[in-house]
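Thanks for coming, everyone. Please have a look before I start.

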Amino acid sequence: LFKYGSIILWVYNLYIYNLIMRKYPKVGVVVPTKNSEKYLNSVLKSIVEQTYKNIDIVVVDNNSIDNTKKIAKKYTKNVLNFGPERSPQKNYGASNCEAKYILFLDSDAELEPNVIEECVLFGEKFFDMVIIPERHKGDGIWAKAKIKEREFYIGDDNVECPWFFNRNSFLSIGGYDESMISGEDWDIFNKMRDKGFKYVRCKSYINHNLGTLEFFEYINKKRYYGRNINKFINKNRTNVIKKIPFLRLSLVKNIFKNINHPITLLLIFLLKLGEFVFIIVGMIEGKLKRK
């Protein structure tokens, strides 16, 4: 009797588990890191505090020398080491996570409480990817300019990209292009749309933490991305023009709507000009290096 009772209990538990999994499919949240101790605690905390609970956190670290791994291990056992850049890290995390859905989250980007719940609802309605609109937060005049600029792009498919994917759909097209260091988010969005995968935009936000933004430190990062942007340009020639900062329709349109804030607009203009110049410098450096 005890033997058959154990079998019946095991079958019942399996049945209940399958019901739960059908109603609440697992979501893997993949966080690529590299010396990310500054904001990582608040980022991982925002994942744990989601209203949706069937979540696995996978931190894929690239040989950090600070406390990144120590912080990550407070929140998850899934702390992996892989590199050398974000695209390989993201693909590795997706491959090593048994989940129906994958959310890729930067190590300085915090989730609002309802993000994953909302994304899963869309996924269960047969959407393959979800754009989660992004807001910035930070201190100082340059951060405030970036906060305002980011508001201009909400709803613009030429700037915003999906963060949340059906894992099988994501893996079926090979994931992110690992040869890309910049533009990989736009590239996979273009690639999946070309293959007929459906996307939607949710209402909840991701909040990207800029900290105290320093002008030259910020635009110098664009120089690094510029050195490697040629791979994105070569693959996505028809979409490149819409990505150029000064040609983004959402930017131009919202400048006219905010004409009564001339100082903020001037700061945004200086930021975009600095980005553009340093990307061009990086592109020239990259071309010389390849030659």
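Predicted model: local features only at pLDDT ≥ 70, side-chain atom pairs only at ≥ 80, totals over all residues.

I'll go from the overall numbers to the sheets, then the cores, then a few single residues.

Mean pLDDT is 89. Of the residues, 89% reach 70 or more. There is one stretch to treat apart. Residues 16-20 stay under 50 in pLDDT. For that stretch the model has one contact beyond four places in sequence.

Now the totals. The protein has 291 residues, and 48% of them count as buried. It has 13 helices and ten strands. The accessible surface comes to about 15700 Å². Carbon and sulfur atoms hold 59% of that surface. On contact order: take contacts between residues at least 6 apart in sequence. Of these, 79% join residues at least 24 apart.

On to the sheets. What is the strand order in the open sheet of seven strands? Reading across, it goes β3-β2-β1-β4-β8-β6-β9, and the pairing is mixed. The edges are β3, residues 79-81, and β9, residues 199-201. Each has a single partner strand, so one side of each lacks a neighbour in the sheet. From one strand to the next, the twist averages 25°.

Let me go through some pairings. Strands β2 and β3 run parallel, with three bridges. There, D61 has N81 in β3 as its bridge partner. Strands β1 and β4 are also a parallel pair, with four bridges. G28 is bridged to I102 in β4. Strands β4 and β8 run antiparallel, joined by three bridges. I102 stands opposite F165 in β8.

Stay with β4 for a moment. Is it covered on one face or both? Both faces are covered. Y101 and L103 are buried on one side, I102 and F104 on the other. Helix α5, residues 115-124, lies across β1, β2, β4, β6, β8 and β9. Against β4, helix α5 runs at about 140°.

There is another open sheet, with three strands. Its order is β5-β10-β7, again with mixed pairing. Here β5 and β7 are the edge strands. Neighbouring strands are turned by 30° against each other on average, ignoring direction. Strands β7 and β10 pair in the parallel sense over six bridges. K137 has N209 in β10 as its bridge partner. Helix α2 packs on this sheet and touches β5 and β10. The direction of α2 makes about 20° with that of β5.

Next, the cores. The largest nonpolar core has 32 residues. Which of them have the most contacts inside it? Those are V29, I47, L105, I116, I132 and F164. The elements that give two or more residues include β1, α2, β2, β4, α5 and β8. Take I47 as an example. Beyond four places in sequence, it touches V29, V31, I55, I57, L105 and L111. A second, separate core has 18 residues, including C97, F165, Y176 and I188.

Now helix α4, residues 86-95. Why call this helix largely enclosed by the rest of the structure? Because seven of its ten residues are buried. They are S87, P88, Q89, K90, N91, G93 and A94. The cover over these buried residues includes β1, β2, β4, α7 and α8.

T33 is in strand β1. With a relative accessible area of 2%, it is buried, as it falls under the 20% cut-off.

Last, V281. It is in helix α13, residues 262-290. Buried, exposed or partly exposed? At 34% relative accessibility, V281 counts as partly exposed. V281 and R227 are 54 residues apart in sequence. In space, their C-alpha atoms are 8.0 Å apart.

That's the tour. I'll take questions now.

How values were computed
Residues numbered from 1 in each chain as written. Heavy atoms only, no water. Buried < 20%, exposed > 50% of the residue type's maximum accessible area, 1.4 Å probe, protein only. Contact = heavy atoms within 4.5 Å. pLDDT = per-residue confidence, 0-100. Pairing = 2+ DSSP bridges. Axes fitted to C-alpha atoms, helices over the stretch in contact; angles between N-to-C directions. Core = buried A, V, L, I, M, F, W, Y, C linked by side-chain atoms within 4.5 Å. Areas by Shrake-Rupley, 256 points an atom, 1.4 Å probe, with all protein chains shown as cover.
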